[in-house]
Amino acid sequence: MKLTRLVGPLLSLSIFATAAFAQPPGKIAVMNTYAFSDEKTGIAKLVNAQKSVDAEFKQADDKLKAMQVKLNGLSAEIENYRKLAATTPNAVDGKAAQAKMDEAAGLDRQIKFEVEDTKSKYEKRQEIMIGPVMQDIYKAAQEFTTQKGFLLILDIGKMAEANLVMGLDDKADVTKDFIAFYNARSAAPAAKPAGK
């Protein structure tokens, strides 16, 4: 009776193993998605979308930089007041020093608010401009995988970041091939509808 209980699972295992080994061997490759945004060798459509978003936020970025420079100047003045007060007790006007500290604190709060607000708007704009491009890239990656006969393509950049890579033969990296495939694909003119 114990023997019949073992025969079923063993038979199932042997059928599964036979079916698995009967499958044609497939290739597994890796791709570094971080390379897609490289300005010189990356995906042109993605790089251009990112440049467009960055250009939209250049003025906000410049404003934040100017505010930070002003805050740094105020901080330096406050530090000078402190040094002077430590060496010459009555040489510092307390009201003027307090006014500078209040101004610096207000500016610091304003910078933090502006940074959060700009970051939120930037991320929303990236989603609008870059999101569709990334969807198209992933669709193209699926086409590339099928066309080149791969069973699986793994994102080596993210895997390496998570310390999941122990070793890699460079021949398995198809990043450059995919970027060339995508750039050629997205540069090709769209097919005209029949009868037009």
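In this predicted model, helix α4 meets helix α6 through Val133, Asp136, Ile137, Lys139, Ala140, Ala141, Glu143, Phe144 and Gln147, whose partners in α6 are Asp177, Phe178, Phe181, Tyr182 and Arg185. Helix α4 also packs with α3, their axes coming within 9 Å, and contributes at least two residues to the lining of the largest pocket.

**Packing of α4 with α6**
- The axes of α4 and α6 (residues 175-187) lie 10 Å apart, at an angle of about 115 degrees.
- The two helices α4 and α6 are therefore roughly perpendicular to each other.
- The crossing of α4 with α6 is right-handed.
- By class, this contact of α4 with α6 comprises eight nonpolar residues, one polar residue and five charged residues.

**Packing of α4 with α3**
- Helix α3 (residues 58-87) crosses α4 at roughly 155 degrees.
- An angle over 145 degrees counts as roughly antiparallel, so α3 is roughly antiparallel to α4.
- The crossing of α3 with α4 is left-handed.
- The contact of α3 with α4 contains 14 nonpolar, three polar and eight charged residues.

**The largest pocket**
- The largest pocket holds about 200 Å³ of space.
- Its lining consists of 14 residues, and Met31, Tyr138, Ala141, Ile153 and Asp155 are those nearest the centre of the pocket.
- Both α4 (94-147) and β2 (150-155) supply at least two residues each to this lining.
- In the lining of the largest pocket, nine residues are nonpolar, three are polar and two are charged.
- Ala141 belongs to the α4 side of the contact with α6 and is also among the residues nearest the centre of the largest pocket.

Conventions:
Residues are numbered from 1 along each chain as its sequence is written. This is a predicted model: local features need pLDDT of at least 70, side-chain atom pairs count only at pLDDT 80 or more; totals for chains, interfaces and linings use all residues. Side-chain values use heavy atoms; hydrogens and water are left out. On a 1 Å grid over the protein atoms alone, a cavity is a set of points where a 1.4 Å probe fits but cannot get out, and a pocket is an open set with protein on both sides within 12 Å along at least five of seven lines; lining residues have an atom within 4 Å of a point. Grid points are joined across faces, edges and corners, and a volume is the space filled by probe spheres set on the points. Helices (H or I, at least four residues) and strands (E, at least two) are DSSP runs, numbered from the N terminus. Ala, Val, Leu, Ile, Met, Phe, Trp, Tyr, Cys and Pro count as nonpolar, Asp, Glu, Lys and Arg as charged, and the others, Gly among them, as polar. Axes are lines fitted to C-alpha atoms, for helices over the stretch in contact, and angles run from 0 to 180 degrees between N-to-C directions. Angles under 35 degrees count as roughly parallel, over 145 as roughly antiparallel, 65 to 115 as roughly perpendicular and the rest as oblique. A crossing is left-handed if the near helix is turned anticlockwise from the far one by less than a right angle, and right-handed if clockwise. Contact means heavy atoms within 4.5 Å.
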